[in-house]
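Here are some notes for a colleague who is opening this structure for the first time. Please read them with the model on screen.

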Amino acid sequence: MTSPDGTPTIRPVRPEDVPAVVAMVHELAEYERAPEQCHLTTAQLDAALFGPSPALYGHVAVDASDQPVGFALWFLNFSTWAGVHGIYLEDLYVRPDARGTGAGRMLLATLAAICVERGYQRLEWWMIHWNPAARFYAAIGATPMDEWTPYRLAGPALHELATHATAAPTRPAR
């Protein structure tokens, strides 16, 4: 379903889109030179998006035959300083054949509209430093945040630190 000018249409991810989105996540991992690190399955993404308490959201760019050609997967974050939620864009990807159609811009515009509609003050994401999309992001007014250093705790270090917890972990309220 493209618009009359040929621009893909943006809509929320549907259950039937999940296999295509998973395939595109794997394509993104290949593009980012880390295919061995991508283990996402259709069952995992389906549960994350459509399970009993979803905390992940998604939109797809679809072509004239309603087939996904791009996606944005995102979740809410929260700024303690601003006192409001924001959107953290986990992944944005447009298949090579659909690049230049406006799909990426429209996916980001959709997330920006959600932010404005809900009173969120931020739309944030990370990008690999060599990604040529930096020019596109700059063109829409996004600015790199080089004053912050990202950290990650995972694997054995995560498990080691968890052994020092003084309270039993609890599931978030549903």
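1. Burial. A residue is called buried under 20% relative accessible area, exposed over 50%, and partly exposed in between, with a 1.4 Å probe and protein chains only. By that rule Cys38 is buried, at a relative accessible area of 15%. Cys115 is buried as well, at 5%.

2. Basis of the values. This is a predicted model, in which local features need pLDDT of at least 70 and side-chain atom pairs count only at pLDDT 80 or more, while totals for chains, interfaces and linings use all residues. Residues are numbered from 1 along each chain as its sequence is written, and side-chain values use heavy atoms, with hydrogens and water left out.

3. Disulfides. How many disulfides does the whole structure hold? The search finds 0, where a disulfide is a pair of cysteine sulfur atoms within 2.5 Å.

4. UniProt lists residues 8–162 as "domain: N-acetyltransferase", in an unreviewed entry. UniProt positions follow the numbering used here, feature names are shortened, and annotations may be inferred rather than shown by experiment. Helices (H or I, at least four residues) and strands (E, at least two) are DSSP runs, numbered from the N terminus.

5. Salt bridges at Asp66. The structure contains 4 salt bridges, each being a side-chain nitrogen of Lys or Arg within 4 Å of a carboxyl oxygen of Asp or Glu. In one of them Arg11 pairs with Asp66, with the closest N and O atoms 3.3 Å apart. Arg11 lies in strand 1 (residues 9–12) and Asp66 in the loop between strand 2 (57–62) and strand 3 (68–79), so the pair ties together parts 55 residues apart in sequence. Arg11 is buried, with a relative accessible area of 9%.

6. Arg14 is partly exposed, at 33% relative accessible area.

7. Arg95 and Glu27. This salt bridge has its closest N and O atoms 2.9 Å apart. Elsewhere, salt bridges with shared partners join Arg11, Arg14, Asp17 and Asp66 into one network.

8. Leu49. This residue is in helix 2 (residues 42–50) and is buried, with a relative accessible area of 8%. Beyond its neighbours within four places in sequence, Leu49 has contacts (heavy atoms within 4.5 Å) that include Val13, Val18, Leu56 and Leu73. Leu49 and Ala64 are 15 residues apart in sequence, and their C-alpha atoms are 24 Å apart in space.

9. Leu158. Leu158 belongs to helix 5 (residues 155–162) and is partly exposed, with a relative accessible area of 41%.
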